[in-house]
Amino acid sequence: MNKFNKTLCIAGAILLNIAGSLCQLDVCGQAPFNNKIVGGQDAAEGSWPWQVSIQSTTFGGHFCGGSLINKDWVLSAAHCFQSVSKSTITIYLGRQRKSDSNPNEMSMSVSNIIIHPNYDSPKDNNDIALVQLSSSATFSAYINPVCLAAAGSILAPGTSIWVTGWGSLRSGDSQLPDILQEVKIPIVSNSDCNNAYGGAITNNMICAGLLNQGGKDSCQGDSGGPMVYKNSSLWIQSGIVSFGIGCADPNYPGVYARVSQFQDWINSHITSNQPGFIEFISSGSSRGSPNLLSLIFSIIPLIFSLYVFS
């Protein structure tokens, strides 16, 4: 094999490895039909393509939300699965309405549910679970995985985030909305949130809501659903709906599992086609993994050196 052909083979191997490792980052967090400005309203079809409805015959239908994080796994809350068997669960992807037809949706059963081993039920600490689909999802403009906040990511207090789900529109209301709901609310500092909850907030939690004002929040039935932040052009999930006192109570912001705390745990169970983790700070500076194009250009000098000096 001559020197040039050898160099091309090495370069090709490098590019294939890069493409394989970045395949999830190339697709996650993209919502082509989403141009949101304000919250507290019906969501347009396709606005949140990672949103899933978790339903069970045990509860007569929808009981929790979740988010698609790759073609085979859904992220949700541990407390959703304390009294339900996986054999009774159906996962709906690409759904906007609970009634009528949803031409862009897929439904499938569940093959495995993994609850965080340190989930503390009374305190809802480590309130995170992974749900494995019985078959792989087919991505489309209406079904697409969300990116996840990597370890070290920071959402500063006051940063606007979005929460979505089919939960109650008011506390104690047993009637769930037909159309997927969306709401835009600010991050509340963990210190303020901890004061509100009397010391119950841990580093594995993140809070959001209109403190001292109320009126916008997640509620019953939204549990397990995503809290997302838009970083540049990508949507990144930073929280999982966990708990609160009342709904939209001005004294108690909503509490969410902090996704960035669980990167290692998630990757320990999803060993292939891992979710796209992106590290960021909410001022807009992102240290997410570089895209494929930038990596290609970064290895051009390496390829050149292999050819010239080999």
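Analyst: What follows sets computed values against the definitions of the terms.

This is a predicted model, in which local features need pLDDT of at least 70 and side-chain atom pairs count only at pLDDT 80 or more, while totals for chains, interfaces and linings use all residues. Residues are numbered from 1 along each chain as its sequence is written, and side-chain values use heavy atoms, with hydrogens and water left out.

User: How many helices and strands does the protein chain have, and what makes a run count as one or the other?

Analyst: The protein chain has four helices and 16 strands. Helices are DSSP runs of H or I with at least four residues, strands are runs of E with at least two, and both are numbered from the N terminus.

User: What share of the protein chain is buried, and what is the cut-off for that word?

Analyst: Buried residues make up 49% of the 310 residues in the protein chain. The word applies under 20% relative accessible area, exposed applies over 50%, and partly exposed covers what is in between, with a 1.4 Å probe and protein chains only. Among contacts with a separation of 6 or more in the protein chain, 70% are between residues 24 or more positions apart, a contact being heavy atoms within 4.5 Å.

User: Why is the link between Cys 28 and Cys 147 called a disulfide, and what makes it right-handed?

Analyst: A disulfide is a pair of cysteine sulfur atoms within 2.5 Å, and the S to S distance of Cys 28 and Cys 147 is 2.0 Å, so the pair meets the criterion. The torsion about their S-S bond is about 90°, and the disulfide is therefore right-handed. Because Cys 28 lies in the loop between helix 1 (3-22) and strand 1 (41-42), and Cys 147 in strand 9 (residues 147-149), the pair ties together parts that are 119 residues apart in sequence. A search of the whole structure finds three disulfides.

User: What makes the disulfide of Cys 64 and Cys 80 left-handed, and why do Cys 64 and Cys 80 count as buried?

Analyst: The sulfur atoms of Cys 64 and Cys 80 are 2.0 Å apart, and the torsion about their S-S bond is about -90°, so this disulfide is left-handed. The pair links distant parts of the chain, with Cys 64 in strand 3 (residues 61-68) and Cys 80 in the loop between strand 4 (73-76) and strand 5 (89-93), 16 residues apart. Cys 64 has 4% relative accessibility and therefore counts as buried, and Cys 80, with a relative accessible area of 5%, is buried as well.

User: Which hand has the link of Cys 193 and Cys 207?

Analyst: With -80° about the S-S bond, the link of Cys 193 and Cys 207 is left-handed. Cys 193 sits in helix 2 (residues 190-196) and Cys 207 in strand 12 (residues 205-208), 14 residues apart.

User: Why is Gln 41 called partly exposed?

Analyst: Gln 41, which is found in strand 1, has a relative accessible area of 29% and is therefore partly exposed.

User: How do you know that strand 8 pairs with strand 4 and with strand 7?

Analyst: Two strands pair if DSSP finds at least two bridges between them. Strand 4 and strand 8 have four bridges in the antiparallel sense, and strand 7 (residues 110-115) and strand 8 have five, also antiparallel. Trp 73 stands opposite Gln 132 in strand 8, while Ile 115 has Ala 129 of strand 8 as its bridge partner. Four of the five residues of strand 8 (residues 129-133) are buried.
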